[in-house]
Amino acid sequence: MPSLAIKPLVRRHTEIGIVLISILLVLVFTATSEGRWANAYNIGTILQVTATLGLMSLGVALVIGTGEIDISVGSTFGIAAIIYLWLAVRVDPALAALVAVAAGAAIGAFNGVLIARTGTPSLIVTLGSLMIFRGLAIALTSGFAISIPYKERGGFSYFILGGDKIYNVNTGLIWLAAALIVLTLMLRYMAWGNRLLAVGGSVESAHSRGVRVNRTKISAFIICGLLAGLGGVLEAGKLGSADGSMGRLMELQAIAACVLGGCLLAGGRISLIGAIMGAFVLSSIQSYLIVMSVQPQWFVLLLGVIVVVAALGVRSLRRWALR
């Protein structure tokens, strides 16, 4: 029976569910959009959005792996974009990018240290950070967008950070692939990876095995902030502008992408590939609703409905595999 062969595969690889949902959505969107969705330009746009959301989702997946949550990544994304654009016209863009990414990592460290040292729930701490840095972003821009004129966006730094292409591959996707490879190696071949999942599985058990729980959690938050900052830099480089609302609600999309991809919110189990596939699904749904000219007042509602249906599909598939 084919189902008997599929069940062990789904049990071993949590991302199989989101892969199957992705294939189904691609087929449905292609069949119902009369060529408006499945074309080279639109697919390229979807992959660009997937690159930035995917970077953020990778970081959130690590935090979820420790049994915590970070809902401040959207604000981190936005503040990093603003810092990058403000500095890029004053110093070398590469230096501006480093400072912006470092700012993202610093926000992650702030969250991680506060959570680890005080025992305050991560939901509360990162909710506060979300509001603090969103307010800071709005204050810094005074409600207006800051931008770099297109004619001033030149040189190698802008090329690799500006959403350009290398051998017809968007640079954002190259950054995403590099982050995926590095994090996969860290999780599989470094003691840090085992510690991270051990902390998420059981804090008491991890303590008894000599794992430095606080240090592991802080490191996950730092990497999460760093990747959110990198995503903000890439988005700002691509658009050439940013405002105080940039990255709004992306934190919820990143969490949704992780859950769709097979990450366990209670901690102890993550899938980096699954998180990226979840980001692709969300980007595809948004693109489909746009090309189908869905009215703005219904856009978020329909997006939420489709996400819930997709999540239920993934969950049902896994429950079937475990029977």
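Which residues in α12 meet which residues in α13? Gln253, Ala256, Ala257, Cys258 and Leu260 in α12 meet Gly274, Ala275, Gly278, Ala279, Leu282 and Gln286 in α13, where contact means heavy atoms within 4.5 Å. The model is predicted: local features need pLDDT of at least 70, side-chain atom pairs count only at pLDDT 80 or more, and totals for chains, interfaces and linings use all residues. Residues are numbered from 1 along each chain as its sequence is written, and side-chain values use heavy atoms, with hydrogens and water left out.

**Helix packing**
- Helix α12 (residues 250–260) packs on helix α13 (residues 272–291) at an angle of about 120°, and their axes are 7 Å apart.
- The two helices are therefore oblique to each other, a class for angles that are not under 35 degrees (roughly parallel), over 145 (roughly antiparallel) or 65 to 115 (roughly perpendicular).
- By class, the contact of α12 with α13 has seven nonpolar, four polar and no charged residues; Ala, Val, Leu, Ile, Met, Phe, Trp, Tyr, Cys and Pro count as nonpolar, Asp, Glu, Lys and Arg as charged, and the others, Gly among them, as polar.

**Cavity**
- The structure holds one cavity of 30 Å³ or more, a cavity being a set of points on a 1 Å grid where a 1.4 Å probe fits but cannot get out.
- The largest cavity has about 60 Å³ of space, a volume being the space filled by probe spheres set on the points.
- Eleven residues line the largest cavity, and Thr52, Asn170, Gly172, Leu234 and Lys238 are the closest to its centre; lining residues have an atom within 4 Å of a point.
- α3 (40–65), α8 (171–189) and α11 (213–239) each give two or more residues to this lining, helices being DSSP runs (H or I, at least four residues) numbered from the N terminus.
- The lining of the largest cavity has three nonpolar, six polar and two charged residues.

Notes: 1 Å grid on protein atoms, 1.4 Å probe; cavity = no way out; pocket = protein on both sides within 12 Å on 5 of 7 lines; lining within 4 Å. Axes fitted to C-alpha atoms, helices over the stretch in contact; angles between N-to-C directions.
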